[in-house]
Amino acid sequence: MTTVSSITENASQALETAVQQDVERAIEDLMAWLPDSKEVSSDQRRGIIARYSAVLEGNFIYWMTGAYLAVSSEESRSIIIENLHEEVRDSHPRMLREFALAAHAIPTDHDAIAVHRDLTNVRLFVGRLSGVQILAMMAFFEGFIQKFMAYLADLAAAQGSAEFVYTDVHGVCDVAHTAGLFRALGAEMALNPAEPEENLLEGVNLLRTLIQTIVEPDSTQR
Ligand SMILES: [Fe+2]
């Protein structure tokens, strides 16, 4: 029998699938947009690793914590806590610092300035603590990071580095993290259905702009 609640359930399931597909497409588009890793100059290689590091080292755990504070479903909370636990216990910021150090790409003040505007936009967005949108952004982030690791490792190798713990760990563990965050997104969307005027991809779009600036600092300046 078709009931009002089953219609609502079907509609929310369809929206959940649509958001997941949009996030996956955004990841694929961003990967396809990257310049060929063999064609980038040594200056660009250093810059990409340094700006990636400037953004990720101090912000990933902060934004995942923002996601934790923003969600209300128990399932989302437990998935995020597990993720944070791993980040802190295994000290992923330390892994990233060692990766950047070995690639001679510790961020400079210029690197921090290059990402400042787009990083600020993401920070302000996270501060609004909108659960579904932050989870969409973090699922996009994890999914992108996982696919980006081979590219980042190629850049580091071309810089003469042999330190690949960070890229090895994230190329593998983020597969499960991405799936977990999509599950969390579904749980949160079921509990807090989106308003029609809400742009569920707002955080995804802001983060995509930031990642494009990491790779090509001039690409997003207007
Ligand atoms: Fe990590």
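Reader: How do the axes of H3 and H7 cross, roughly parallel or roughly antiparallel?
Author: In this predicted model, the axes of H3 and H7 come within 8 Å and cross at roughly 155 degrees. Angles over 145 degrees count as roughly antiparallel. That makes the pairing of H3 with H7 roughly antiparallel.

Reader: And is the crossing of H3 and H7 left-handed or right-handed, and how do its contact residues divide?
Author: The crossing of H3 and H7 is left-handed. H3 brings Glu-75, Ser-76, Ile-79, Ile-80 and Asn-83, while H7 answers with His-177, Gly-180, Leu-181, Arg-183, Ala-184, Ala-187 and Glu-188. Sorted by type, the residues of this H3 and H7 contact come out as five nonpolar, four polar and three charged.

Reader: Which residues does Leu-135 touch, leaving out those up to four places away in sequence?
Author: Leu-135 belongs to the largest nonpolar core and is among the members that touch the most others. With residues up to four places away in sequence left out, its partners are Ala-67, Val-71, Ser-76, Leu-181, Ala-184, Leu-185 and Glu-188.

Reader: What about H5 and H8: how are they oriented to each other?
Author: Their axes sit 9 Å apart, at an angle of about 165 degrees. With the cut-off for roughly antiparallel at over 145 degrees, the orientation follows. H5 therefore runs relative to H8 as roughly antiparallel.

Reader: How do the residues of the contact of H5 with H8 divide?
Author: H5 passes H8 in a left-handed crossing. On the H5 side the contact includes Ala-114, Val-115 and Leu-119, and on the H8 side it includes Leu-206, Leu-210 and Ile-214. The residues of the contact of H5 with H8 split into nine nonpolar, four polar and two charged.

Reader: Is Val-55 buried or exposed?
Author: Val-55 is found in helix H2. There are 22 other C-beta atoms within 10 Å of Val-55, and 20 or more is the cut-off. So Val-55 is buried.

Reader: How far apart in space are Val-55 and Val-115, C-alpha to C-alpha?
Author: Not counting residues up to four places away in sequence, Val-55 touches Val-115, Leu-119, Leu-210 and Ile-214. Val-55 and Val-115 are 60 residues apart in sequence, but in space their C-alpha to C-alpha distance is 7.7 Å.

Technical notes: Residues are numbered from 1 along each chain as its sequence is written. This is a predicted model: local features need pLDDT of at least 70, side-chain atom pairs count only at pLDDT 80 or more; totals for chains, interfaces and linings use all residues. A nonpolar core is a set of buried Ala, Val, Leu, Ile, Met, Phe, Trp, Tyr and Cys residues joined through C-beta atoms within 7 Å. A residue is buried if 20 or more other C-beta atoms lie within 10 Å of its own, exposed if 12 or fewer, and partly exposed in between; C-beta atoms are placed from the backbone. Two residues are in contact if their C-beta atoms, placed from the backbone, lie within 7 Å. Axes are lines fitted to C-alpha atoms, for helices over the stretch in contact, and angles run from 0 to 180 degrees between N-to-C directions. Helices (H or I, at least four residues) and strands (E, at least two) are DSSP runs, numbered from the N terminus. Angles under 35 degrees count as roughly parallel, over 145 as roughly antiparallel, 65 to 115 as roughly perpendicular and the rest as oblique. A crossing is left-handed if the near helix is turned anticlockwise from the far one by less than a right angle, and right-handed if clockwise. Ala, Val, Leu, Ile, Met, Phe, Trp, Tyr, Cys and Pro count as nonpolar, Asp, Glu, Lys and Arg as charged, and the others, Gly among them, as polar.
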